[in-house]
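Thanks for coming. I will take a few minutes to walk through one model, chain by chain.

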Amino acid sequence: MSAALSLRRVHAGYAGKDILHGVDIELEQGGALTVVGPNGSGKSTLLKAVVGLLTLSRGSIALDGKPVEALNALARSRLGLAYVPQERNVFANLTVGDNLRLGWEFLHPRMEASAWRDRLDYVLQLFPEIRDRLSVSAGLLSGGQRQMVAIASALMQTPSLLVLDEPSAGLSPRNAALLFESIARTRATGITLLMIEQNVKLGLAVADRGLVLVAGQVRLLAPAHELLTDDRLHRLYLGTQPGVPVTH
Amino acid sequence: MLQILFNGLVSGLLVALPALALALSFSILRFANFALGAMLTLGAYVIYFFNVVLGWPIQFAALVGIPLGGLIAVAVDWLVYLPLRGRSGVTLLVASMGVALVMENAVRFAAGGTPLGYDVEPARPTRFPSLDVLGGLRVNHEQWLIAAVGLSSLVVVWALFSYSRLGRAMRAVADNAALAAVRGVSLNRTVAAMWFVSGALATAGGLLIGLDATLDPQMGWNYLLPVFAAAILGGIDKPMAAVFGALVMGVASELSTLVIPSHYRTVVAFGVLAALLLVRPWGVFGQARVTR
């Protein structure tokens with residue numbers, strides 16, 4: 001079986017200057033990979049390249065074995081990729097219900113209304129906190145609820161690969177913990193997950209493997225539970241001595 | 001007094017449809033479409049062609065002409081704006097000025113510069129004697145038509161915008177085009193649909209203005225300033241708010257005739273706009289934007 005996501009020698013950046021320098025990633029079907037790294041290491045650039053918001057200068061990307069580097073974000077979403085950006089990740093002027101509907105209706109234009117309701121019920125089971133907020137404008141939600149709506153909208157696409165860009169950014173510890181409970185439930189459904197996350201402990205807790213990106217290069221790739229206690233993570237990511245707890 | 005208020009609302013409806021068209025294109029593409037006046041003129045003449053040249057009743061001429069105006073706007077997008085997508089709003093604005101010149105001169109070339117009028121049966125005005133205690137109300141045939149076409153167009157666009165799949169796509173693209181793309185919304189299809197609605201609204205606006213007065217190749221330019229003012233008054237990135245702006249401008253202009261000569265009424269509407277811009281430059285319903 002081909003990998004859910006495969007990156008080969010990927011170079012990408014902005015205005016002719018590469019930020020990523022030959023990144024290789026292989027993510028198997030149903031796997032979960034959390035990418036960590038210091039600020040400016042190219043994590044968000046990596047995700048933008050994966051989802052089609054940034055053109056590669058070199059290298060290749062494949063989804064389920066199909067080359068996608070020439071496809072835009074819309075075409076990749078039709079191939080089963082759903083992306084949740086770090087900021088501006090909901091349509092603030094639309095209600096929560098319309099945000100969720102929008103995640104569904106353009107990728108399933110011919111499916112029956114019952115299929116839409118079934119999917120909505122399924123997604124709201126993963127994010128019960130937003131069930132009674134469907135008629136509220138998404139711009140009026142708290143940061144934590146907004147993140148939940150963003151991920152729930154992405155899941156309405158029935159993706160095979162979910163890509164999350166720092167879901168805990170800007171959230172209080174309590175809201176971040178609540179959000180990651182929902183992400184863990186989502187993960188348990190068997191979806192393939194690629195995530196970048198500054199909160200190393202939370203990010204690695206829901207992943208099989210962790211990857212440390214530094215200066216646009218993969219510096220470390222290991223099982224998530226091992227990475228948390230790996231001294232090299234401290235040196236590469238935090239720039240601290242071993243023994244300092246990794247809590248961000 | 002009642003007559004003045006009614007006349008004000010009808011004047012507002014004349015501006016409301018093109019103002020809504022302007023706000024619609026601005027909310028999605030973030031550029032001020034200066035070709036709107038010319039789209040209005042061209043649309044009015046397209047309906048004139050069916051109504052007078054082919055001799056169709058005005059209702060049928062409008063039913064065919066309004067969608068045709070929408071298709072012309074889609075064709076202009078395909079020829080001019082689509083190749084410029086991604087450029088700055090200023091580039092698109094300048095391009096729209098070029099489009100306006102081409103459209104207006106095409107009309108002048110095809111129909112000449114002489115004022116023309118639709119072939120509409122003259123009819124007696126409707127009087128409402130029971131309202132005489134409020135100063136009386138007299139509604140002429142053209143005003144009925146303007147109210148009917150204007151209000152029904154606004155209801156259709158409001159329903160489309162609020163409840164349809166296309167409306168959600170338009171609002172999503174207006175809010176965040178990149179996020180809309182990753183949720184599966186096609187930007188090109190949504191923009192084409194927006195141009196269709198915008199062109200149809202401009203054509204309907206041209207029809208109403210032609211019914212109220214006459215058709216001439218400059219008619220769009222004469223309305224461009226009030227249309228921009230109305231859209232800005234409501235909040236130019238809020239399409240339905242432009243309707244509010246247009247109605248306020250219409251009523252304020254008509255009410256001003258109670259205290260100043262009627263040929264100064266346009267000045268009053270702009271006075272209201274200037275005062276609002278001083279305290280709330282993003283419009284009554286618009287949102288302040290911070291640029292860093």
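Predicted model: local features only at pLDDT ≥ 70, side-chain atom pairs only at ≥ 80, totals over all residues.

Residues are numbered from 1 along each chain as its sequence is written, and chains are lettered from A and ligands numbered from 1 in the order in which they are written.

Chain A first. Its secondary structure comes to 9 helices and 10 strands. Here helices (H or I, at least four residues) and strands (E, at least two) are DSSP runs, numbered from the N terminus. The C-alpha atoms of chain A fill a box of roughly 50 × 40 × 35 Å along the principal axes. For 248 residues, a compact globule would have a radius of gyration near 18 Å, and chain A agrees, with 18 Å. That radius is taken over C-alpha atoms, and the globule rule is 2.2 Å times the number of residues to the power 0.38.

How much of chain A is buried? The share is 45% of its 248 residues. Buried means that 20 or more other C-beta atoms lie within 10 Å of the residue's own, with C-beta atoms placed from the backbone.

Strand E9 (residues 209-214) of chain A pairs with strand E10 (residues 217-223) of chain A in the antiparallel sense, over 6 bridges. Strands pair if DSSP finds at least two bridges between them. Leu213(A) has Val218(A) in E10(A) as its bridge partner. There are 2 residues between the strands, and Ala215(A) takes a positive phi near 50°.

Now chain B, and helix H4 (residues 89-111). At 1.5 Å a residue, its 23 residues should span 33 Å, and the end C-alpha atoms are 32 Å apart, which agrees. The expected span is 1.5 Å times one less than the number of residues. Buried residues in H4(B) include Leu92(B), Val99(B) and Met103(B). What do the buried residues of H4(B) pack against? They pack against helix H1 (2-29), helix H2 (36-53) and helix H3 (58-81) of chain B. Just after H4(B), Gly112(B) takes a positive phi of about 80°.

Last, the interface. 14 residues of chain B are in contact with 23 residues of chain A, where contact means C-beta atoms, placed from the backbone, within 7 Å. On the chain B side, helix H6 (165-175) and helix H7 (177-182) are the elements that give two or more residues. H6(B) gives the most, with 5 residues.

Technical notes: Contact = placed C-beta atoms within 7 Å. Buried ≥ 20, exposed ≤ 12 C-beta atoms within 10 Å, placed from the backbone.
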